[in-house]
Amino acid sequence: MVRIFSKIHLKTSALVLASTASFLLQADPQLGKDSLDDVIEAMTLEEKVKLVRGTGMNIPGFSTPTVGMVEDKVPGAAGTTYPIERLGIPSIVLADGPAGVRIAPTREGDDNTYYATAFPIASLLASSWDTELTYAVGRAMGNETLEYGVDILLAPALNIHRYPLGGRNFEYYSEDPMLSGLMTTAMVRGIQSQGVGTSIKHFVANNHEWNRKGINVKVQEEALREIFLKGFEIAVEQSQPWTVMSSYNKVNGTHASESHKLLTEVLREQWGFKGFVMTDWFGGEDAVAQMVAGNDLLMPGYDMQHEAIQQAVKAGQLDARILDQNVENILKIVLRSPTFKGYDYSNQPDLAKHAEIARAAAAEGMVLLKNNANVLPLAANKGSIAVFGNYSFDMVTGGTGSGDVNEAYTVSLPDGLINAGFKFDAQLAKQYREYLSAEKSKRPELVGIEKFLPQEPIAEKQLDEASIAAAVKNNALALITIGRSSGEFSDRKAENDFYLSDNEQALLTRVSKAFKKANKPVIVVMNIGGVIEMESWKDKADAILLAWQPGQEAGNAIADVVSGKVNPSGKLPTTFARRLESYPASTNFPGVVTDPDAKPDMMGYVPAEVTYLDGTDIGYRYFQKAPEKVVYPFGYGLSYTSFSFAELTARVAGGDVKLGFKVTNTGDKAGKQVAQIYASNQSAEGAVSTLKTFAKTRLLQPGESQLFQLTVPLEDLAEYDSASKQWKLTAGQYRIDLASSIQSVESSTTVAVNQTQYFAL
Ligand code: BGC
């Protein structure tokens with residue numbers, strides 16, 4: 001009896017113990033409180049798969065594979081991740097893009113507005129050659145990201161300007177990887193200083209839009225390493241972006257998002273990337289291959305991907321440890337997100353303050369290309385200005401697509417001129433405004449996805465002789481704006497885009513002839529996002545200001561430079577060559593369809609291929625061998641003052657080249673100058689000069705000098721060596737140029753590298 005009792009007692013105690021333990025177990029581990037390992041171990045397969053695919057997306061006018069949750073928290077954001085509430089994992093929000101936070105400006109049933117600042121495009125920021133300025137813009141963008149409840153800004157973008165017709169070149173910095181990489185680093189640091197994340201994109205070799213998802217980019221390892229990967233390498237190593245966005249295209253046969261080499265070997269093992277990788281939207285084809293490659297998050301995420309991953313794990317085709325690693329990479333970033341930290345966002349960033357930053361940045365990045373007889377700056381009292389050109393009245397703040405921003409306003413050129421105290425020809429302006437509004441009223445209203453796409457421009461207004469004659473009579477000078485817009489989904493065209501339209505040529509010719517006859521100057525403002533042809537018309541202008549797409553403060557920023565309030569200090573980040581054929585990529589841009597019978601995929605793309613025959617012959621690397629093809633070289637830009645460069649010294653010390661030099665303002669106006677350092681191996685036949693570093697002066701008063709001491713790691717003089725698959729620094733004499741453009745070397749010296757050295761990738 002006693003034995004029976006004790007047996008029962010023992011059994012009961014065991015039951016009690018077991019149920020207490022299961023009660024304890026039932027308290028699920030919580031993200032941030034318990035270890036990541038415990039959280040991941042507690043996740044079901046279903047939950048893990050949910051986490052590695054976004055929640056889907058609403059595309060206006062399209063029924064998509066899944067309807068997302070994006071609308072719930074931040075309407076207009078690009079995507080969200082799944083929350084897993086029982087484990088304390090919140091949903092994080094991702095929004096575009098490179099020129100500012102792209103979200104819906106208004107919300108149903110809500111009187112508040114959610115405008116974001118349209119900052120200048122990346123090509124303009126690169127033209128400033130000012131990393132501190134780029135950092136400041138990043139900080140403001142990051143603040144808007146934070147205050148609008150977004151965790152990761154899908155920016156910056158740093159694909160290389162390989163060819164002028166690339167439809168998204170405006171979103172990218174430069175034809176040069178060093179400039180791109182250093183600008184990206186500054187931008188990432190600025191944005192992330194606000195406690196939000198970035199996604200540097202599009203990794204990699206995504207240099208055009210045509211068939212972007214179906215195209216196979218065939219590129220040699222040397223060009224891949226030295227040109228296309230280099231900027232990403234600099235940015236990853238120097239700024240640790242929270243995330244990287246893999247590109248749509250294939251690289252040498254494999255989708256970037258499915259490439260273990262790119263996403264795991266290069267990004268993580270060689271460069272030490274610590275964040276997570278996400279696909280571009282609907283990018284790649286094989287969700288399981290993406291997991292294996294190290295593409296942790298599939299965006300925006302759809303059900304077929306979910307099923308494929310789940311099935312593969314169940315069938316033992318996808319190692320569960322790989323999925324765990326993807327989950328861990330994502331969770332490490334979720335832990336750092338404002339949403340996880342419970343940040344109480346205001347929905348009220350300081351837009352007025354950010355508009356000032358946008359305006360200052362825009363003026364700093366404009367490039368003065370021509371200024372005959374010092375026509376600029378204009379004193380405010382010089383008489384009335386005849387403002388010509390459709391785009392003067394309808395300025396392009398930035399490109400279209402995900403690189404666009406929903407800003408509250410755009411300052412037109414006439415408004416900017418008025419704000420700066422200038423007078424302009426109201427009668428002429430009226431003609432333009434009436435023409436533009438009549439042309440716009442003829443266009444059907446854009447619906448759904450159309451709003452996202454680049455639109456055909458309105459034909460440049462043709463003026464009658466009497467209007468031009470009246471403008472000459474009533475004004476002291478002419479100001480003509482030539483504008484361009486492009487964006488995601490298509491590349492630019494040669495006719496009426498790279499080359500000016502007949503109407504534009506006629507406008508320039510007629511206005512220039514009439515004003516020159518009256519001895520009155522003609523100034524051209526280029527409100528563009530990428531290179532256009534200039535050789536045929538540049539002689540018609542006395543002054544040319546490349547204003548790029550300068551963001552919402554466009555007119556004010558242009559007026560700041562035109563008036564002399566800001567002395568221009570921008571330098572070209574990309575070569576302006578004579579013709580499209582001048583660029584080596586012209587022989588095969590954008591590529592060819594490989595299977596004409598193939599059915600287009602769900603986004604309308606077909607299999608295609610492009611071979612980068614230009615190799616490393618991109619931009620000034622090529623044009624220094626063919627200078628006659630250049631109209632305005634890389635690094636070029638004028639100022640209202642002049643500068644001298646002196647006392648260049650260079651020595652090799654402890655694995656670095658140590659440089660010293662002095663820049664002096666030799667003119668009569670305060671201004672800033674950019675010092676560019678190029679290097680080339682004198683001992684190697686045909687070696688080209690490449691940018692190694694740069695520095696911008698502070699605002700120097702007339703007669704004032706600034707001393708610089710810069711360091712270039714010897715490793716940065718090395719080239720990719722395909723034999724050893726390493727960076728190789730060949731022994732020899734290296735020329736160091738201190739320059740004000742690739743074509744204007746101000747001072748040179750040499751350093752000796754005594755022994756050939758190799759550096760790991
Ligand atoms: C673009 C990306 C963008 C994403 C989300 C894609 O179409 O290529 O740059 O971040 O959409 O909007």
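How many nonpolar, polar and charged residues does the lining of the largest cavity have? The answer is five nonpolar, eight polar and two charged residues. Keep in mind while you look around that this is a predicted model.

**Closed spaces**

That cavity holds about 90 Å³ of space. It has 15 lining residues, and those closest to its centre are His-161, Pro-164, Asn-169, Val-531 and Thr-574. If you count cavities of 30 Å³ or more, you get five.

Now for the largest pocket, which has a volume of about 1400 Å³. A total of 43 residues line this pocket, and Arg-443, Gln-455, Glu-456, Pro-457 and Ser-485 sit closest to its centre. Sorted by class, the pocket lining comes out as 12 nonpolar, 16 polar and 15 charged residues.

**Around the ligand**

Next, the ligand and its neighbours. The ligand is surrounded by 13 residues, with Asp-96, Arg-168, His-202, Asp-280 and Glu-488 the closest. By class, this shell has five nonpolar, two polar and six charged residues.

| Side chain | Distance to a ligand oxygen atom |
|---|---|
| Asp-96 | 2.5 Å |
| Lys-201 | 3.0 Å |
| Asp-280 | 2.6 Å |

How much of the ligand does the protein cover? On its own, the ligand has 310 Å² of accessible area, and the protein covers 95% of it.

**Salt bridges**

Side chains of opposite charge can pair when their charged atoms come close. The structure holds 40 salt bridges. One of them is formed by Asp-560 and Arg-359, whose closest N and O atoms are 2.8 Å apart.

The peptide bond from Ala-155 to Pro-156 is cis, and its omega is near -5 degrees. You'll find Pro-156 in the loop between strand S5 (152-153) and helix H7 (177-192).

Where is the cis peptide bond with omega about 20 degrees? This one joins Phe-203 and Val-204. Val-204 has its place in the loop between strand S6 (197-203) and strand S7 (215-218).

Asn-211 also lies in the loop between S6 and S7. Its phi is near 50 degrees, a positive value in a residue other than glycine. To check that loop yourself, go to Val-204 and then on to Asn-211.

Technical notes: Residues numbered from 1 in each chain as written. Predicted model: local features only at pLDDT ≥ 70, side-chain atom pairs only at ≥ 80, totals over all residues. Heavy atoms only, no water. 1 Å grid on protein atoms, 1.4 Å probe; cavity = no way out; pocket = protein on both sides within 12 Å on 5 of 7 lines; lining within 4 Å. Points joined across faces, edges and corners; volume = space filled by probe spheres on them. Nonpolar A, V, L, I, M, F, W, Y, C, P; charged D, E, K, R; others polar. Near = heavy atom within 4 Å. Polar contact = N/O pair within 3.5 Å; in protein donor to acceptor, adjacent residues only side chain to side chain. Areas by Shrake-Rupley, 256 points an atom, 1.4 Å probe, with all protein chains shown as cover. Salt bridge = Lys/Arg side-chain N within 4 Å of Asp/Glu carboxyl O. Helix = DSSP H or I, 4+ residues; strand = E, 2+ residues; numbered from the N terminus.
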